[in-house]
Amino acid sequence: MIDSSCSLAFELLKSKLSFAPIIAALNWKYGFEFMCDASACAVGIVLGQIKEDKIFHAMHYACKFIN
């Protein structure tokens with residue numbers, strides 16, 4: 001039996017995964033971080049910055065599927 005805390009956690013996870021994250025504005029005061037990941041069929045990148053709150057803020061996403 002699923003209790004209410006499991007249902008609430010599932011709904012929160014579902015809402016977080018179904019909405020695109022907000023892209024942060026660029027600030028030249030902070031350095032840039034570039035992350036990439038590749039597999040046999042795709043390449044993905046994220047460009048972002050870590051600002052004074054010590055949290056990574058994404059500024060641009062890109063992906064390419066390889067045939």
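Colleague: What is the relative accessible area of lysine 14?
Modeller: Buried means under 20% relative accessible area, exposed over 50%, and partly exposed in between (1.4 Å probe, protein chains only). Lysine 14 is partly exposed, with a value of 42%.

Colleague: What kind of model is this?
Modeller: Residues are numbered from 1 along each chain as its sequence is written, and side-chain values use heavy atoms, leaving out hydrogens and water. Local features need pLDDT of at least 70, side-chain atom pairs count only at pLDDT 80 or more, and totals for chains, interfaces and linings use all residues: this model is predicted.

Colleague: Which residue meets lysine 14 in a salt bridge?
Modeller: A salt bridge needs a side-chain nitrogen of Lys or Arg within 4 Å of a carboxyl oxygen of Asp or Glu. The count here is one. At 3.3 Å, N to O, the partner of lysine 14 is glutamate 11.

Colleague: How many residues apart are glutamate 11 and lysine 14 in helix α1?
Modeller: Helices (H or I, at least four residues) and strands (E, at least two) are DSSP runs, numbered from the N terminus. Helix α1 covers residues 4-18. The pair is about one helical turn apart, because the separation in residues is three.

Colleague: How many bridges join β1 to β2?
Modeller: Strands pair if DSSP finds at least two bridges between them. β1 (residues 33-38) runs antiparallel to β2 (residues 42-50). Alanine 38 stands opposite valine 43 in β2. The bridges number six.

Colleague: Which residue takes a positive phi in the hairpin of β2 and β3?
Modeller: β2 pairs antiparallel with β3 (residues 56-65) over nine bridges. Five residues lie between these strands. The residue with a phi near 65° is lysine 54.
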